[in-house]
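Dear colleague,

Please find the structure below, together with its sequence. My notes on it follow, and I would be glad if you read them with the model open beside you.

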Amino acid sequence: MNREQKLAKNTAILGIGTAFSSVFSFFMVPLYSHWLSVADYGTYDVYSTYVSLLIPFLTLACGEAVFRFLLDCKEEKDYKRVLSSSWVIVLLGLAIGTVIAVIFFMIGEESHTISFVFFMVSSILYSQGCYIARGFRKPVTYTLANIIFLLVMAATVTYLVYFRQYGLSGILWGNAIGHLVAFIYISISCTLWRYISLAKPDKNEIKTIIKYSYPLIPNTVAWWVVNVSDRSIIRLALGAASNGIYAIANKLPSLCITVFGVFHMSWQESAVDSVNDSDRNEYFNSVLNRIIPFCLSVGMCIIAVNRFFYKWVWDSKYIDGYFHVSILMVAVIFSFLSQFIGGVLVAEKKTKINGSTTVIAAFINIGVNVSLIHFIGLYSASVSTLAAYISLFIMRVYLIRKEFTISISRNSVMAIVAFICITITQFMTNVYVGGAVLIGAVFVSLLLNKAIVMGILHRILRRG
């Protein structure tokens with residue numbers, strides 16, 4: 001199996017899990033929000049945010065290091081050295097996190113201390129397990145673990161919240177049990193007990209892991225700032241109604257983030273495998289010139305279908321977000337291209353560049369938003385997001401130019417031109433024109449991705 005086939009296979013496997021997760025969440029989240037009181041659901045959302053922010057701090061983001069270093073392991077002793085050293089960091093983080101949580105709840109006089117601690121601990125274990133599964137090159141294990149978590153979590157939450165009426169504690173315990181069962185599955189699949197020994201941890205390896213991973217802490221927080229700060233600024237400056245309009249405008253671009261995120265996970269492994277090849281620059285460019293037409297084609301179709309969502313799906317009171325979709329879609333594409341370069345940086349073990357560029361982009365996002373919000377209103381949010389991701393892409397391309405020279409193919413240039421043309425048609429709001437534009441976008445997308453389409457058809461016909 002060559003590099004392109006392996007990349008496509010891993011992307012397809014991870015895509016199955018992501019698609020299942022998205023569809024499952026789409027149907028289950030409304031049920032959970034209905035079963036819980038507004039206060040409980042809001043508190044659960046806050047707790048989830050706390051945990052997502054705590055994980056990189058408590059573990060020093062060592063999951064990323066484990067994933068990267070495991071890909072280089074050749075012998076069992078190498079796996080033991082990496083995993084044993086990383087678990088010293090993880091267990092220490094779990095202990096510190098537990099103490100912090102207990103103190104926090106004692107001060108706040110909350111009654112969910114045990115359920116929150118279990119939720120936090122299981123989330124960290126599951127997160128670490130997912131990185132290990134990817135580092136062991138087991139995308140099937142990673143995907144099945146995700147599915148197992150969702151199914152167990154759904155069943156447990158349904159029992160505890162709907163039937164037993166445990167409220168907030170029920171959804172915390174349900175998520176925790178789901179994470180724990182999924183982690184146990186990963187442990188069995190990867191036989192982790194063979195590789196983890198805390199008797200004599202390798203201090204040099206621990207230092208190496210921390211040196212690699214600590215720059216990723218601000219990187220993770222900065223991504224959170226880029227994604228969340230806009231809504232906070234909008235709410236403070238323009239009110240909750242404007243925040244609702246912006247949230248709806250983000251719905252379709254957010255779907256692309258999910259789709260592109262699947263490829264990003266596969267690309268990280270493929271980039272690591274190819275980083276020492278003599279033809280790595282040619283390979284990286286060949287992948288780049290396949291994903292540019294693909295992501296622009298997805299963007300074209302999203303923009304083309306946007307007018308129909310605002311006419312027939314979204315309520316008319318959200319119409320002010322119509323033109324934001326195009327801006328946000330361009331931002332998502334630059335975000336994806338930045339992550340592609342980020343995959344090369346991961347392969348080169350240049351995490352400081354990843355972290356520093358993301359932090360700068362986060363400051364640009366906040367600065368542009370705050371500076372413009374009183375002049376162009378809600379557009380400051382979408383424009384600042386676009387400015388942040390364009391800046392991120394330019395910085396990473398500039399900083400990696402010595403190791404990776406980008407060359408754009410004619411097909412990619414044609415995709416860029418087609419994308420611009422489709423975007424301009426957003427000003428033509430007539431439904432019949434919109435129908436023609438949608439058909440044209442689909443046709444051009446198939447043409448630009450002819451190699452991918454023909455490959456899929458060939459596989460289907462061969463199996464038939």
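Leaving out residues up to four places away in sequence, Asn-146 touches Gly-17, Ser-21 and Tyr-126, where contact means heavy atoms within 4.5 Å. This is a predicted model, in which local features need pLDDT of at least 70 and side-chain atom pairs count only at pLDDT 80 or more, while totals for chains, interfaces and linings use all residues. Residues are numbered from 1 along each chain as its sequence is written, and side-chain values use heavy atoms, with hydrogens and water left out.

Asn-146 lies in helix α6; helices here are DSSP runs (H or I, at least four residues), numbered from the N terminus. With a relative accessible area of 17%, Asn-146 is buried, a term that stands for under 20%, whereas exposed stands for over 50% and partly exposed for what is in between (1.4 Å probe, protein chains only). Val-157 also lies in helix α6 and is buried, with a relative accessible area of 1%. Not counting residues up to four places away in sequence, Val-157 touches Tyr-32, Tyr-162, Gly-170, Ile-171, Gly-174 and Asn-175, and its C-alpha atom is separated by 9.4 Å from that of Ile-177, 20 residues apart along the chain.

Val-332 has its place in helix α13 (residues 324-347), and it is buried, with a relative accessible area of 8%. Once its neighbours within four places in sequence are left aside, Val-332 is in contact with Pro-253, Cys-256, Ile-257 and Phe-260. The C-alpha atoms of Val-332 and Gly-299 are separated by 8.8 Å, although the two are 33 residues apart along the chain.

Pro-253 also takes part in the meeting of two helices, where Ala-247, Ile-248 and Ala-249 in α10 meet Lys-251, Leu-252 and Pro-253 in α11. The residues of this contact divide into five nonpolar, no polar and one charged, with Ala, Val, Leu, Ile, Met, Phe, Trp, Tyr, Cys and Pro counted as nonpolar, Asp, Glu, Lys and Arg as charged, and the others, Gly among them, as polar. The axes of α10 (residues 240-249) and α11 (residues 251-274) come within 4 Å and cross at roughly 45°, the axes being lines fitted to C-alpha atoms over the stretch in contact, with angles from 0 to 180 degrees between N-to-C directions. The two helices are therefore oblique to each other, which is the word for angles that are not under 35 degrees (roughly parallel), over 145 (roughly antiparallel) or 65 to 115 (roughly perpendicular).

**The two sides of α8**

In α8, the buried residues are Glu-205, Ile-206, Ile-209, Tyr-212 and Ser-213. Seen down the axis of α8, these residues fall within an arc of 130°, so they line one face of the helix; the arc is that of the directions from the helix axis to the C-beta atoms. Lys-203, Asn-204, Lys-207 and Lys-211, on the other side of α8, are exposed.

**Two loop residues with positive phi**

Most residues other than glycine have a negative phi. Arg-137, although not a glycine, has a positive phi of about 60°; its place is in the loop between α5 (113-135) and α6 (139-163), and it is partly exposed, with a relative accessible area of 30%. Thr-191, likewise not a glycine, has a positive phi of about 45° and sits in the loop between α7 (167-189) and α8 (203-213).

With kind regards
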